[in-house]
Amino acid sequence: MHPTHPQHFDPATIRGDFPVLSELVYGKPLVYLDNAATSQKPLSVIKALNDYYSHSNANIHRGVHYLSQKASSMFDDVRLQVRDFINAKSEREIIFTSGTTDSINLVAATFGRKFIGQGDEILISAMEHHSNIVPWQLLCEEKGAVLKVIPMDDDGVLLLDAIPSLLSERTKLVSVVHTSNSLGTINPVKEIIALAHQFNIPVLVDGAQTVAHEKVDVQELDCDFFVFSGHKMFGPTGVGCLYGKETWLEQMPPYKGGGDMIQSVSFEKTTYNELPFKFEAGTPHISGVIALGEAINYLNKIDRNAAHAHEMALLNKATSLLMEIEHVRIIGTSKNKSSVVSFIMDGVNAMDVGMYLDTLGIAVRTGHHCTEPVMHRFKIPGTIRASFMFYNTFEEIDKLAEGIQKAKGLLRRN
Ligand code: PMP
């Protein structure tokens with residue numbers, strides 16, 4: 001059951017923290033419902049970027065001078081923040097990457113290089129984002145390994161009963177999405193992890209859509225890898241994280257070669273740096289990491305239970321309003337959902353609906369949402385997706401429903 005909407009949570013105050021939410025689009029107030037693609041940024045995050053370049057910019061981990069040391073310690077502190085944010089055991093388990101996609105590619109390239117061979121199997125699910133499909137396909141092509149897929153039902157719920165028969169002694173990794181970006185389904189990853197661990201198979205969890213909406217505890221989940229992007233949780237684009245259990249990261253070869261990831265280099269033999277630096281070659285996105293730290297500060301300051309309850313109330317309201325609209329069908333009807341509503345309108349192209357809503361200042365996403373196999377499963381070309389954050393309001397949900405009604409009147413031929 002979704003929790004009820006608490007009285008004390010005030011999105012109006014929260015909205016004040018996000019400058020872009022006051023923008024006008026075509027002279028109309030922006031209704032930003034594309035949060036699954038990227039979240040908006042609070043002023044504190046924007047300011048952190050500006051402050052860093054104004055007062056602290058220097059390259060890190062290399063300089064003896066004041067600014068370099070300052071920037072290094074600001075950067076290193078964020079690793080501790082991320083450790084605490086997802087409750088990792090050690091900061092050695094936190095690798096900064098450019099985002100979820102990069103984190104998954106890192107695991108595919110290094111874990112894959114070391115542990116996956118001819119005839120081995122990797123298990124993913126039917127609702128993965130392309131970035132949790134294609135890196136494994138590339139690896140399978142290279143190694144002669146096999147990709148297997150956990151199916152889902154018509155509600156967009158994974159068929160857990162199918163998992164045991166999909167696991168074999170050849171399965172070397174399970175990689176599943178925590179929260180589906182196109183359906184909203186929240187998968188029972190803890191159960192999946194426990195199941196895989198019975199066969200000593202490690203599990204990667206794609207948490208791109210989770211971190212902004214729910215508290216994550218990687219030790220409680222007991223996942224072997226957890227990946228996410230900064231930009232979906234109020235941080236900047238181009239920065240993200242890979243959490244990996246130290247036992248795995250220690251055994252994995254480096255990803256990219258270059259500065260910072262080495263202990264010593266000679267033409268005969270190079271030795272690699274210790275964790276986590278072994279996986280961080282070259283100058284990282286220093287300002288991005290520092291601003292990500294500010295995004296974590298922001299999240300830590302708000303009442304996350306209340307924020308979550310508000311998002312569930314938005315989801316419930318949008319779901320009931322859309323269900324009342326004839327010829328509109330929601331795709332993704334799991335009982336356990338995040339604040340995402342994907343839908344189609346019979347006889348109308350999803351993009352046309354999106355473009356019409358845009359003229360009203362309403363930002364939604366249309367298409368396959370980088371989950372083409374999900375669209376194939378439902379035999380549709382794409383959906384219209386409205387995705388909510390705690391700064392969205394009930395009034396905005398009303399505008400969405402009205403907009404859809406109008407779009408239907410204009411675009412649908414009887
Ligand atoms: N996985 C999921 C579930 C996502 O929603 C996304 C972004 N839409 C990604 C992976 C890829 O994230 P990024 O583009 O930030 O690397």
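**Entry 1: Q40**

I looked up Q40 and found it in the loop between β3 (31-32) and α2 (43-56). Helices (H or I, at least four residues) and strands (E, at least two) are DSSP runs, numbered from the N terminus. This is a predicted model, in which local features need pLDDT of at least 70 and side-chain atom pairs count only at pLDDT 80 or more, while totals for chains, interfaces and linings use all residues. Residues are numbered from 1 along each chain as its sequence is written, and side-chain values use heavy atoms, with hydrogens and water left out.

Is Q40 buried or exposed? I noted Q40 as buried, because its relative accessible area is 14% (buried is under 20%, exposed over 50%, partly exposed in between, with a 1.4 Å probe and protein chains only). Leaving aside neighbours within four places in sequence, Q40 is in contact with F18, V20, L21, Y32, N35, F234 and Y391 (contact means heavy atoms within 4.5 Å).

**Entry 2: H178**

I then went to H178, in the loop between β7 (171-177) and α7 (189-198). H178 is buried, with a relative accessible area of 8%. Not counting residues up to four places away in sequence, H178 touches T185, I186, N187, V189, V205, D206, G207, T210 and F226. With T210 I also found a polar contact of 3.3 Å between the side chains. A polar contact is a pair of N or O atoms within 3.5 Å; within protein, one must be able to donate a hydrogen and the other to accept it, and residues adjacent in sequence count only if both atoms are side-chain atoms.

H178 and V20 are 158 residues apart in sequence and 28 Å apart in space, C-alpha to C-alpha.

**Entry 3: α4 and α5**

I looked up how helix α4 (residues 100-115) sits against helix α5 (residues 134-143): the axes come within 9 Å and cross at roughly 25 degrees. That makes α4 roughly parallel to α5 (angles under 35 degrees count as roughly parallel, over 145 as roughly antiparallel, 65 to 115 as roughly perpendicular and the rest as oblique). Axes are lines fitted to C-alpha atoms, for helices over the stretch in contact, and angles run from 0 to 180 degrees between N-to-C directions. I104, N105, V107, A108, G112 and R113 in α4 meet P135, W136, L139 and K143 in α5.

**Entry 4: α12 and α14**

Last, I noted that helix α12 (residues 350-359) and helix α14 (residues 394-411) pack at about 120 degrees, with their axes 9 Å apart. α12 and α14 are therefore oblique to each other.
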